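Please look over the sequence and the structure below before reading on.

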Amino acid sequence: MLPPTGRRTPILALTAVAVGLFVVGGILLVGRLGAPAEAPSPSFSGPSAAPTDPTATPEGAVRAFFMAFATARRTDDPTAIASLVTSTNSSAYLTVSGFLAGQKAVGTASVLTVNDLTNLVVAQAGAQATVTFLHHQVGFDVSVDSGQPKESPTALPDVRVQVVVIKTGARWLVDSFENLP
């Protein structure tokens with residue numbers, strides 16, 4: 001037996017709202033399941049109070065360069081580091097460009113979830129400085145075409161890195177870098 005007509009309207013309204021919420025929730029859930037997983041935002045360690053222009057110091061230039069390199073790895077495009085190197089003919093630019101071209105050739109890009117530079121030591125002599133640090137990276141490879149992960153996040157072995165930076169005007173720019181034994 002149906003409730004009296006005066007009581008049917010609120011029940012129908014509540015039922016319609018519940019069904020509507022259920023349908024919207026289902027649509028959002030299905031849309032979320034089909035969406036590519038968002039990569040976690042990378043974490044970068046660094047000084048808490050950095051100058052406005054990170055290239056104002058040798059340490060800042062090195063940190064900015066490796067942050068830009070991490071960004072470039074997502075798209076295999078070395079232009080992200082171009083303004084942070086002495087030239088596109090520099091060892092630093094050519095090393096990054098070659099690495100990214102190799103990744104791109106096999107349809108792979110990479111995402112760094114951790115990109116820590118620690119124990120930085122700066123040795124400056126005039127307009128040139130050498131910065132050494134311990135580099136800790138965690139990340140995973142993704143498909144260049146789909147952006148879908150090809151593997152689970154992996155911690156790479158920590159490496160000691162030496163970077164040569166050159167002062168050009170008021171900016172320090174990366175000229176070369178290498179892993180140390």
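How many of the 18 residues of H2 are buried? The count is 13 of the 18, so H2 is largely enclosed by the rest of the structure, where buried means under 20% relative accessible area, exposed means over 50% and partly exposed lies in between, with a 1.4 Å probe and protein chains only.

This is a predicted model, in which local features need pLDDT of at least 70 and side-chain atom pairs count only at pLDDT 80 or more, while totals for chains, interfaces and linings use all residues. Residues are numbered from 1 along each chain as its sequence is written, and side-chain values use heavy atoms, with hydrogens and water left out.

**Overall make-up**

- The protein has 3 helices and 6 strands, where helices (H or I, at least four residues) and strands (E, at least two) are DSSP runs numbered from the N terminus.
- Read from the N terminus on, these elements follow the order α-β-α-α-β-β-β-β-β.
- Of the 181 residues of the protein, 30% count as buried.
- The protein exposes about 10,600 Å², of which carbon and sulfur atoms supply 62%; accessible areas come from the Shrake-Rupley method with a 1.4 Å probe, and for residues only the protein chains shown count as cover.
- Among contacts between residues at least 6 apart in sequence, 59% join residues at least 24 apart, a contact being heavy atoms within 4.5 Å.

- Thr-75 is found in H2 and, at 49% relative accessibility, counts as partly exposed.
- Although Thr-75 and Lys-104 are 29 residues apart in sequence, their C-alpha atoms are 8.5 Å apart in space.
- Just after H2 comes Asp-76, with a positive phi of about 60°, and this residue is found in the loop between H2 and H3.
- Most residues other than glycine have a negative phi.
- Asp-76 has its positive phi as a residue other than glycine, and Asp-76 is buried, with a relative accessible area of 5%.

**Helix H3**

- H3 has 15 residues and reaches 21 Å from its first C-alpha to its last, close to the 21 Å expected at 1.5 Å a residue.
- The buried residues of H3 are Ala-92, Tyr-93, Val-96, Leu-100 and Gln-103.
- These residues cover an arc of only 100° around the axis, which puts them on the same side of H3; the arc is that of the directions from the helix axis to the C-beta atoms.
- The partners against which the buried residues of H3 pack are H2, strand E2 (108–125), E3 and E6.

**The largest nonpolar core**

- In the largest nonpolar core, which has 25 residues, Phe-65, Phe-66 and Val-163 touch the most other members; such a core is a set of buried Ala, Val, Leu, Ile, Met, Phe, Trp, Tyr and Cys residues joined through side-chain atoms within 4.5 Å.
- Two or more residues of this core come from each of helix H2 (58–75), helix H3 (91–105), strand E3 (128–143), strand E5 (159–168) and strand E6 (171–180).
- Among these elements, H2 gives the most to the core, with 8 residues.
- Not counting residues up to four places away in sequence, Phe-65 touches Ile-81, Leu-84, Val-85, Ala-92, Val-96, Val-174 and Phe-177.

**Strand pairing**

- E2 and E3 run antiparallel and are joined by 15 bridges, two strands being paired if DSSP finds at least two bridges between them.
- E2 and E3 form a hairpin with 2 residues between them, and Gly-126 in the turn has a positive phi of about 65°.
- Thr-132 in E3 is the bridge partner of Val-121, and in E5 the bridge partner of Thr-132 is Gln-162.
- E3 and E5 are joined by 8 bridges and run antiparallel.
- E3 also runs antiparallel to strand E4 (residues 154–155), with 2 bridges joining them, and Val-138 stands opposite Ala-155 in E4.
- Asn-119 lies in strand E2, has a positive phi near 55° as a residue other than glycine, and counts as exposed at 51% relative accessibility.

Conventions: The expected span of a helix is 1.5 Å times one less than its number of residues.
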